[in-house]
Amino acid sequence: MAFLKIENVKISGIAACVPPKLVENRDSDLFDDPAELERYIKTIGVERRYVAEDGICSSDLCKAAAERLIEDMGIDKSEIGCLIMVTQTPDYIFPATACILQDRLGLPTDCMSFDITMSCPGWIYGLSVMGSLLSAGKIKKGLLLVGETSTKAKSPYDHVNLLAGDAGTATILEYNEGTKPLLFSIHTDGSNYRSLIIPDGGYRNQPTPQSFEYFECKDGALRNRMNANMEGDDILSFAMHAAPKCIKGLLEHFEIAKEDIDYFLIHQANQMINKLIQKRLKVDDDHCPYNIADFGNSSSTTIPLMIVNKLRNSFGGKKVVACGFGTGLAWGAICFEPEQDIVLSELVHYSR
């Protein structure tokens, strides 16, 4: 297991942004029977979600979140020495979206900027990378942007579409001597990479006319090879075993009592998966908040989005464990204690 203890790095602010289009799942025409639609909504726990229309990218949502956070914190942009963009829905195959955002945000040219291709555990992976860079003390402030417009990767004929939402987030980390450490447990199992994949469109399988032809999958949904294809049973088994084990391993390794944790922030995969994980952890609802009903599964953004949306007035000074899991397959957890002065910006609704 990869356990990391990062000293002298403070998570000092978080912001989130959603696109303007709000979709009510009960208006969906993907089910012929309204009762079947209602049962599906009850199972996944998603009543509505924000969807990025054409022309709105992950970078746009992250930029809006970053501008709000920088303004709310009164940060001088020249002090930001590192920009990391975590996304699986970049603007282009290349260049890196982080490079584009460095210019769009007006950050200095000596700001190190790069992308990390990671989905649902992306915020945790990004914190570990950014924290490691800052812990040396040479870079004083870093901007971690985590955003997804994963609805663009879903088949319009796929009921899983009702699960997906879009969002962008921004997190400021600072070098701060003496702050309580960031504790991580990070894992990867690439042997199961096919369990959640867009088969065509990269350089392994470049797109052809056949890539856009729809076919019926094992679960009955129509998808093409440019859509996200998921082996639902594999992902369910992976999530319900990997996430609780990862969290328990983190607490045991760093000798932290479960009773001392104020919030367990679990990636908002779907309500059924999350409730199974919560049950295995033996954690009650007061210590395990949800916002999936109003935002859906927004991939790597679910945890910072939930912090801003659900915990804005009750987060500082708490002891928190967050866990993400998904494509790769990859998963990870972090334990940290945000200070009382952490800035949590009000949720931003993007406008062009």
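Reader: Why is Lys282 called exposed?
Author: The model is predicted. Lys282 has a relative accessibility of 72%. Exposed means over 50%, so Lys282 counts as exposed.

Reader: Where is Lys282 found, and what is its phi?
Author: Lys282 is in the loop between α6 and α7 (292-295). Its phi is positive, about 60°, although Lys282 is not a glycine.

Reader: Which phi value does Asn8 have, and where is its place?
Author: Phi of Asn8 is near 65°, positive in a residue other than glycine. Asn8 sits in the loop between β1 and β2 (9-18).

Reader: What makes Thr149 buried?
Author: Its relative accessible area is 2%. Buried means under 20%, so Thr149 is buried. Thr149 is found in a loop, between β7 (141-148) and β8 (167-175).

Reader: What does Thr149 touch?
Author: Leave out residues up to four places away in sequence. Thr149 then touches Ala52, Ile56, Cys57, Ser58, Leu61, Thr89 and Asp166.

Reader: Why does Leu250 count as buried?
Author: Leu250 has 0% relative accessibility. The cut-off for buried is under 20%, so Leu250 counts as buried. Leu250 lies in helix α5 (residues 232-253).

Reader: Which residues is Leu250 in contact with, leaving aside neighbours within four places in sequence?
Author: Phe3, Leu183, Phe184, Ser185, Ala333, Ile334 and Cys335. The C-alpha atoms of Leu250 and Leu4 are separated by 9.7 Å, and the two residues are 246 residues apart along the chain.

Reader: Which strands does α5 lie across?
Author: β1, β9 (182-188), β14, β15 and β16 (330-336). α5 runs at about 35° to β16.

Reader: What is the order of strands in the open sheet?
Author: The order is β1-β9-β16-β15-β14, with mixed pairing.

Reader: What makes β1 and β14 edge strands?
Author: β1 (2-6) and β14 (263-266) each pair on one side only. Neighbouring strands of this sheet are turned by 15° against each other on average, direction ignored.

Reader: How do you know that β14 and β15 pair?
Author: Pairing needs at least two bridges. β14 and strand β15 (residues 320-326) have four, in the parallel sense. They therefore pair. Phe264 has Val321 in β15 as its bridge partner.

Reader: How do α5 and α6 cross?
Author: The axes of α5 and helix α6 (residues 271-281) come within 9 Å and cross at roughly 35°. The crossing is right-handed.

Reader: Which residues of α5 and α6 meet, and what are their classes?
Author: From α5 come Leu236, Ala239, Met240, His241, Ala243, Pro244, Ile247 and Lys248. From α6 come Met272, Ile273, Leu276, Ile277, Arg280 and Leu281. By class, this contact has 11 nonpolar, one polar and two charged residues.

Reader: Which residues have the most contacts inside the largest nonpolar core?
Author: Trp123, Leu144, Leu173, Leu182, Leu265 and Phe315, in a core of 44 residues. Helix α4 (residues 122-134) gives the largest share, six residues. Apart from this core lies another, of 30 residues, among them Leu183, Leu250, Trp331 and Cys335.

Reader: Which peptide bonds are cis?
Author: The bond from Phe94 to Pro95 is cis, with omega near 10°. The bond from Gly328 to Leu329 is cis too, with omega near -10°. Pro95 is in the loop between β5 (80-86) and α3 (97-104). Leu329 is in the loop between β15 and β16.

Notes
Residues numbered from 1 in each chain as written. Predicted model: local features only at pLDDT ≥ 70, side-chain atom pairs only at ≥ 80, totals over all residues. Heavy atoms only, no water. Helix = DSSP H or I, 4+ residues; strand = E, 2+ residues; numbered from the N terminus. Buried < 20%, exposed > 50% of the residue type's maximum accessible area, 1.4 Å probe, protein only. Contact = heavy atoms within 4.5 Å. Axes fitted to C-alpha atoms, helices over the stretch in contact; angles between N-to-C directions. Left-handed = near helix turned anticlockwise from the far one by under 90°. Nonpolar A, V, L, I, M, F, W, Y, C, P; charged D, E, K, R; others polar. Core = buried A, V, L, I, M, F, W, Y, C linked by side-chain atoms within 4.5 Å.
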